[in-house]
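Q: Could you take a close look at the salt bridges here, and at the helices and strands around them? I'd enjoy one connected walk-through.

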Amino acid sequence: MTHRPTEEPVRQVRPHPAETTGRHGRPPEPLDVDPAVLGTLLRRHGWQRRGGAPGRYGRWTPPGPGGSGTSLLVPESRAFPDSDDLLGEAMLALSRSGSPAAREVLVSLAVPSDEIRWWHDVPAGPAGAAPWAVEDRLRTAARRMLLAAALATRARTGYHGARHRRSAAASLENVLVGSATDGRLTAFVPVAGGRPLAVRLHHALFAAREAIDYQRATGGMDAFDGAVEAGVSHEFTEALVSLVRGTEGARIAVDWAPAAGVPEGCAPSAEPVEFSPGDLPALREAGARYRREEPAVPVRITGTVVRMRRSGPRGEGTVRLRVLAGIDVPHVRITLDEEAYRIAGHAHLVGLPVRVRGRLESRGGFRRLTGAHGVVPVHVDDAERDRMMKELHENLDFFEEACGGDCGD
């Protein structure tokens, strides 16, 4: 049996905590709504203010050709006795509206969230319709970009590979990604716990844009080296390539949650960052360069043996470890000499993990350890040992074959 490293799939983001808010859920309570925040969100999502009593309330209509039939009266502050009544009526009207713009306002009110938007321009099909695959690619590219930004909050490096993917994917669990319609997609990143991701994405977008412009003007790739500190990486450039490829251009914007204010070091508002098909050569070259030049890392790993293979009863063999400590990678593959291979096999047979030193190679996504040495069993508590022994007995035939029939000598 051979081990074939596979790319860990991008985890599907879970529903936002405010998923039930909307047409079939309870709207936010008026006491929980800041009139100034509501006004900012309405303007951000395309609602138009069309009059109202100055200094007291404004009348807002939704975007689109049908906006004139529905309007909201939104107080500008709580200084007047009817403010709560107006806010309650506005929340109820938003929850009953079928407008996506109403839904997005409610989501941001329920849980303060930074909003990330993607647009891409694609040639329209018959009657202006876009192929299904185009919208699916937009969602996939957005998820990859969010994951790349989450990885950059854990380490600033040109190539992450399999490192930190579990914790980065877990940080996306409370992010809501809406429906991809009309070439547009919005993600809501809760400020509590998610703001570092939004900030990193914001900085990485501008750094990537500047590095591309420098490369196209001078032919040099030096700016991409400095962009790593801002969060640009192989994974980030690949996400941009997947977003732009097959389109006439793409834009990304980050809008800060008005209830939380603007994070330090970020502009209060900024135009969307634009990328075009002409940027693809520079992005592809940068991505390949990041991956090629990422150095190996000296590590000490503790893990349990889950696969063993060698061509005969003697000589070196290959072991796959499930990593318990030392690196944030789920599994690594190691080639061991005959003595180290025997130690690893015996450790597993008695229900013990092993500790090993070596260099984690970037080739293969940091899933291979080279120069392995110092393989020793590691003692664990009884509960963990019992669990490992149970796993061994369930796969005993495999390990007897892997050890060449002499593991118990």
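**Salt bridges and their surroundings**

A: Happy to! There are 18 salt bridges in the structure, where a salt bridge is a side-chain nitrogen of Lys or Arg within 4 Å of a carboxyl oxygen of Asp or Glu. A word on the basis: this is a predicted model, in which local features need pLDDT of at least 70 and side-chain atom pairs count only at pLDDT 80 or more, while totals for chains, interfaces and linings use all residues. Residues are numbered from 1 along each chain as its sequence is written, and side-chain values use heavy atoms, with hydrogens and water left out.

Let's start with a network of salt bridges that links Arg-44, Glu-115, Arg-117 and Asp-255. Arg-117 meets Glu-115 through their side chains, at 2.4 Å from N to O. Arg-117 also forms a salt bridge with Asp-255, with 2.5 Å between the closest N and O atoms. This second pair links distant parts of the chain, 138 residues apart: Arg-117 belongs to strand 4 (residues 113-121) and Asp-255 to strand 7 (residues 249-255). Helices (H or I, at least four residues) and strands (E, at least two) are DSSP runs, numbered from the N terminus. Arg-117 and Glu-115 are buried, and Asp-255 is buried as well; buried means under 20% relative accessible area, exposed over 50%, and partly exposed in between, with a 1.4 Å probe and protein chains only.

Strand 4 and strand 7 run antiparallel and are joined by 7 bridges; two strands pair if DSSP finds at least two bridges between them. Here Asp-255 in strand 7 is the bridge partner of Glu-115. Strand 7 also pairs with strand 8 (residues 273-275), in the antiparallel sense over 3 bridges, and Ala-250 stands opposite Phe-275 in strand 8. Strand 7 is mostly covered, with 6 of its 7 residues buried.

Arg-156 counts as partly exposed because its relative accessibility is 37%, and Glu-229 counts as exposed because its value is 51%.

Now to helix 1 (residues 35-44), whose buried residues are Pro-35, Val-37, Leu-38, Gly-39, Leu-41 and Leu-42. Their cover includes strand 2 (57-61), strand 3 (72-75), helix 2 (83-96), helix 3 (100-110) and strand 4, a contact being heavy atoms within 4.5 Å. Just after helix 1, Gly-46 takes a positive phi of about 90°.

Strand 2 and strand 3 pair over 4 bridges in the antiparallel sense, with Tyr-57 opposite Pro-75 in strand 3.
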